[in-house]
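Have the viewer open and follow along.

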Amino acid sequence: MTSESPRLHGSTGPPPSRVADHLDGLSVQLSRMAADIRDGSLSLGAGSQERHKVLRAAKEVIELIRQPHEIFAEWLSVLTPMAATRLFIEWRVFENIPVDDTISYAHLASKVDVQQSILNANLIPRVVRLAWNLLPAGILKQVGEDRITHTPKSQLYMTRNPITGMICHMFDNSIPSLMYLPKFFETYGRREPTDRLNTVSAISHGLPGKTVWEIMTETGTMANFALAMSVEKGASWPNLGSYDIDWAVKSGAMEENKDRAILVDVGGGKGHAVEAILEVTPGLDPARCVLEDIPEIIDTAKASAGPVIAGIQFVATDFHAEQPVKGAFVYYIRRCLHDYGDDDCVNILTRLADAMKSDTRLLIVEAVQNNPPSTFAAAMDMLMISIGGKERTLEGFRSITSRAGLEILEVYTQPGVEGAVIECAKKST
Ligand SMILES: C[S@@+](CC[C@H](N)C(=O)[O-])C[C@H]1O[C@@H](n2cnc3c(N)ncnc32)[C@H](O)[C@@H]1O
């Protein structure tokens, strides 16, 4: 075909010859990747960044070939398996499929429908129809016409874990807020939502004036959120990344500093970051690490603490108010500032600056947005709109830290990792 022949994407798409050239380039790239996988120089492990290169290359092939109108079918085919998965988690369907065997749809339906009569004539079709949405995504596998079996993917959903927590959180909180955006902007005007009490999420839930945390507590979705937050223990989100906290451990060991906390994780959730930091930092005394969060989360964190963090201090706080732990060596705030607009962030940071000494360092762990951002960073930003927060560029972080009397000393990044560690100190006066 020449460039004059009919175009693959209609009149606006690239000519077929260019698509073919691009595919040639991608096939060379993919063959090289395949060779690297074989010789072990490219890892497909969960935390591997090279894996994202393979995913991107695969996606590029789809983008080249897909017709513009097909995107609608693709969006639907992402949403419907999500709905089916959400329901199957709640109904414990995944747990009721035997791990090394098949089960008939009828038997499965009779095992899981605890709320409704087993004799309900609609029961079997409902389970089958939902399960059918999970076949194309490779989540479940059908055997013959009436039996189903697990795949490695569906086995992940058999227990309550960070991935099931994230699916439920996305489905129960994030997606409804996104769907409400048109109504929100129509009602309140086309401006950036920054009010943490009257967020898109609050209004869509019919709970104006409540924080997103109060809403999750009230709607019973907080446990899933807390679980979800530990989903990427360091993969796309570093805990410390390449930042070396050893200076604080050594300074804290000195006689005149024995009363100072070494690490305070502000808004640290269930303590997964403190746990990961303790695991990689020899000499860091758990008793001098503090986990701060709202009372409900601190209660859960204490109750579920594993051996690594059992000896840390658990302190219920409000990071919009005075910081109770003064003069620590390192304050650490991870994935919290993107939940708020600039003025709230400046307040949170000012509270921390007030508690800091001149040698204290504040580590902000957040995505630092590029222009244009990655797909994931742009999607996160959209989610943040619904709770009055936002993702920020480095300039955005410079602005809010500077307004709080802080200066950025260094930004620690890792290739291919979204999150960065932004090291700050009090501005010298
Ligand atoms: C997005 S999560 C981040 C959790 C954790 N730092 C991480 O990186 O996974 C935000 C955390 O801030 C906590 N939080 C919300 N409002 C708070 C407040 N007023 N004071 C202290 N913590 C708060 C939430 O409970 C939640 O654990």
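How many of the residues in the chain are buried, as a percentage? Buried residues make up 32% of the 429 in the chain. Here, a residue is buried if 20 or more other C-beta atoms lie within 10 Å of its own, exposed if 12 or fewer, and partly exposed in between, with C-beta atoms placed from the backbone.

Bear in mind that this is a predicted model: local features need pLDDT of at least 70, side-chain atom pairs count only at pLDDT 80 or more, and totals for chains, interfaces and linings use all residues. Residues are numbered from 1 along each chain as its sequence is written.

**Overall layout**

The C-alpha trace spans about 75 × 65 × 55 Å along its principal axes. The chain has 16 helices and 10 strands, taken as DSSP runs numbered from the N terminus (helices are H or I, at least four residues; strands are E, at least two). Of the contacts between residues at least 6 apart in sequence, 65% join residues at least 24 apart. A contact here means two C-beta atoms, placed from the backbone, within 7 Å.

UniProt, in an unreviewed entry, lists residues 262–406 as "domain: O-methyltransferase C-terminal". Its positions are given in the numbering used here, feature names are shortened, and annotations may be inferred rather than shown by experiment. In the model that span is 37% helix and 18% strand, and its end C-alpha atoms lie 19 Å apart.

Three strands form an open sheet in the order β1-β3-β2, with antiparallel pairing. The edge strands, each pairing on one side only, are β1 (103–104) and β2 (140–143). Strands count as paired if DSSP finds at least two bridges between them; β1 and β3 (residues 147–150) pair over 2 bridges. Ile103 stands opposite Ile148 in β3.

**The kinked helix**

Now look at α7 (residues 162–188). There is a kink of about 45 degrees at Leu181, shortly before the proline Pro182. That bend is the angle between axes fitted to the seven residues ending there and the seven starting there. Buried residues of α7 include Thr164, Ile167, Phe171 and Phe184, and its buried residues pack against α3 (70–90), α8 (200–204), α9 (212–218) and α10 (222–228). Just after α7, Gly189 takes a positive phi of about 95 degrees.

| Residue | Phi | Loop |
|---|---|---|
| Arg92 | about 60 degrees | between α3 and β1 |
| Arg335 | about 55 degrees | between β7 (330–334) and α14 (342–355) |

Arg92 counts as partly exposed because 13 other C-beta atoms lie within 10 Å. Arg335 is partly exposed too, with 19 C-beta neighbours inside 10 Å.

Another spot to check is the peptide bond from Asn371 to Pro372, which is cis, with omega near 0 degrees. Pro372 sits in the loop between β8 (361–367) and α15 (375–385).

**Around the ligand**

Which residues come nearest to the ligand? Of the 17 around it, those are Met229, Gly267, Gly269, Arg334 and Arg335. To be near, a residue needs its C-beta atom, placed from the backbone, within 6 Å of the molecule. The shell has 7 nonpolar, 5 polar and 5 charged residues. Ala, Val, Leu, Ile, Met, Phe, Trp, Tyr, Cys and Pro count as nonpolar, Asp, Glu, Lys and Arg as charged, and the others, Gly among them, as polar.
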